[in-house]
Amino acid sequence: MHNLKLRTPSEPEFNEICHCISEFELDNRELQREQFTAAFRDGQLLGFGRLREHNDCTELCSLGVIAKERRKGIGKAIVSELIRRAPADVYLVCIIPGFFHPFGFRIVEKYPAAIGNKLNYCTSELVVPETYTAMRLRK
Ligand SMILES: CC(C)(COP(=O)(O)OP(=O)(O)OC[C@H]1O[C@@H](n2cnc3c(N)ncnc32)[C@H](O)[C@@H]1OP(=O)(O)O)[C@@H](O)C(=O)NCCC(=O)NCCS
């Protein structure tokens, strides 16, 4: 996408991301600035996502694009960059498997314990009408 910059956020930018995460009701547990890749245009924050390293896997989570910038390819650019940065297979839990399928993520019935914990967290704390699904991308 034209003029889009993807990089690790600065401290003030990270604070802005934390604000968006609570507004979008995304996973806000143990947020660390270095985990994030954020998208900017002319210095303005457009979106973000993070790779969280668990003992047993790498998880892609806390992905969001500001509402007026959605459906312009920004989410796709962030996910591509997170995949590039990931050291190994990537797991995630989501309600929109159709968004992640084109990157090579596939629904899995078996997953590491950290992803089981995430499914429990989503089901109990981030309650939505849709069903949460675990997916894996093989690297
Ligand atoms: C989900 C989200 C990050 C997508 O970001 P985005 O910048 O709008 O996505 P993109 O424009 O890069 O879309 C890429 C593709 O996915 C599709 N897509 C976008 N949102 C989708 C959704 N909710 N469900 C299924 N497909 C979706 C687009 O049609 C597009 O397909 P195309 O390339 O064939 O045109 C954004 O809608 C968002 O922040 N939503 C609220 C927070 C959220 O739900 N986060 C995900 C938690 S798992």
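**Reading the fold, core and ligand shell**

Q: Let's start with contacts: among those with a separation of 6 or more, what share comes from residues 24 or more positions apart?
A: In this predicted model, residues 24 or more positions apart account for 67% of such contacts in the protein.

Q: Which secondary structure elements are there, and in what pattern along the sequence?
A: Reading from one end to the other gives β-α-β-β-β-α-β-α-β-α-β, which comes to four helices and seven strands. The radius of gyration is 14 Å, close to the 14 Å of the globule rule for 139 residues, so the protein is as compact as a globular protein of that length. Along the principal axes, the C-alpha atoms fill a box of roughly 40 × 30 × 30 Å.

Q: How many residues are in the largest nonpolar core, and which have the most contacts inside it?
A: A nonpolar core joins buried residues through C-beta atoms within 7 Å. Here the largest has 29 residues, and Ile 17, Ala 39, Ile 78 and Leu 92 have the most contacts inside it. Elements supplying at least two residues each include α1 (11-23), β2 (36-41) and β3 (44-53). The largest share, five residues, comes from α2.

Q: What is Ile 17 in contact with, leaving aside neighbours within four places in sequence?
A: Look for Pro 9, Phe 36, Ala 38, Leu 45 and Phe 48.

Q: And which residues come nearest to the ligand?
A: Of the 15 residues around the ligand, these are Arg 70, Gly 75, Lys 76, Cys 94 and Ile 96. By class, the shell has seven nonpolar, four polar and four charged residues. β4 (58-65), α2 (74-85) and α3 (97-100) each supply at least two of the shell residues.

How values were computed:
Residues numbered from 1 in each chain as written. Predicted model: local features only at pLDDT ≥ 70, side-chain atom pairs only at ≥ 80, totals over all residues. Rg over C-alpha atoms; globule rule 2.2 N^0.38 Å. Contact = placed C-beta atoms within 7 Å. Near = placed C-beta within 6 Å. Nonpolar A, V, L, I, M, F, W, Y, C, P; charged D, E, K, R; others polar. Buried ≥ 20, exposed ≤ 12 C-beta atoms within 10 Å, placed from the backbone.
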